[in-house]
Amino acid sequence: MSRTKFMGIFLIILGVISVVVGIVRGDMTSSAAMFIGYLVPALLGAMILIVDHIGGGESKTETGPSDAALAGQKNKKKKKHDPADEIANQKAMQISNWFCSDMHVRGEYPSYMKRYFAENNITIRQEPEDAAILKAGTVDFYTFSYYMSNCITTHKDADDVGGNIIAGKKNPYLKASDWGWQIDPVGLRYTLNEIYDRYRIPLMVVENGLGAYDKKDADGKIHDSYRIDYLRAHIEQMAEAVKDGVDLMGYTPWGCIDLVSASTGEMAKRYGFIYVNKFDDGTGDLSREKKDSFYWYQKVIATNGEDLG
């Protein structure tokens, strides 16, 4: 209860008590002025309550914003987007991804590259017939690799991601692999939609997989449930993209068998469904064993992705 409301009620009670006392003492019959005097506290209290009610009551006049409202304001501050980040992200996509595919799919240099060439002292020498050759050499479908997503920001204090191929900032909503690559299956659905909306030609994911430390358990087997979880989540999001209307013609994971990682030069970074007995120090007899993921993916292929259990 607000202090204003408390004061109004207190004055009403005080006025009522005064009237009762006045009646008992016989003062109420002496004069009209005396009678009104006894009623003043009650009338004043009633006026205070009326004004308090019209003004919005205790939530407005006394307690101010609630904790929930303040929390909402704080969350809004956290979720604000810096326009400079939006432009930085757009430019990163143009240079790192769209430039290559725009050339292959559209058969011409994209307009945004003219500024990039000029600002980086790059001159593209073109012969008169080059434009026609580019237009005639476009692709019929689009293939790409997908392992992770990256965040782009102009804020230098943001944490870096651990991925060793493409520099970027850490996404606090994502988990990461043993090598710091951010695991983002929903990002694959987003990417498929973005590419298909841009080009309207069939797509194919030709690389997608999890590099991880694989260790034999006590039974001598490789129980790589983490790899199964990774692949299952990405296949599920591809199915969602197909429902979104994306023409996805195929998918091949990386890779079927353990091999030296092209990105780090390690044998320890294993992707395969088949374990190869070879190690970074050169030891190992190259013998091969099927991991749990081998049998799981065999079932996925047999059911055309219907059984992901």
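Here are some notes on the predicted model above, point by point.

1. A word on the ground rules: in this predicted model, local features need pLDDT of at least 70 and side-chain atom pairs count only at pLDDT 80 or more, while totals for chains, interfaces and linings use all residues. Residues are numbered from 1 along each chain as its sequence is written, and side-chain values use heavy atoms, with hydrogens and water left out.

2. Let's start with the salt bridges, of which there are 17; the rule asks for a side-chain nitrogen of Lys or Arg within 4 Å of a carboxyl oxygen of Asp or Glu. Glu 119 pairs with Arg 115, and their closest N and O atoms are 2.6 Å apart. Both residues sit in helix α6, four residues apart, about one turn of the helix. (Helices are DSSP runs of H or I with at least four residues, strands are runs of E with at least two, and both are numbered from the N terminus.) Glu 119 is exposed at 54% relative accessibility, and Arg 115 is exposed at 56%. Here buried means under 20% relative accessible area, exposed over 50%, and partly exposed in between, with a 1.4 Å probe and protein chains only.

3. Helix α9 (residues 225–243) holds another such pair, Glu 240 and Lys 243, three residues apart. Their salt bridge is 3.6 Å from N to O. Glu 240 is partly exposed at 27%, whereas Lys 243 is exposed at 66%.

4. Please also look at Lys 291 and Asp 258, whose side chains form a salt bridge at 2.9 Å, N to O. This pair links distant parts of the chain, 33 residues apart: Lys 291 is in the loop between β7 (288–290) and α10 (292–302), and Asp 258 is in the loop between β5 (248–251) and β6 (274–276). Lys 291 and Asp 258 are both buried.

5. Next, strand β1 (residues 142–145): Tyr 142 and Phe 144 make up its covered face, Thr 143 and Ser 145 its uncovered one. In a regular strand, side chains alternate between the two faces of the sheet. Strand β1 runs parallel to β4 (residues 203–207), and four bridges join them; strands pair if DSSP finds at least two bridges between them. Thr 143 has Met 204 as its bridge partner in β4.

6. Back in helix α6 (residues 112–119) you will find Tyr 116, which is partly exposed at 32% relative accessible area.
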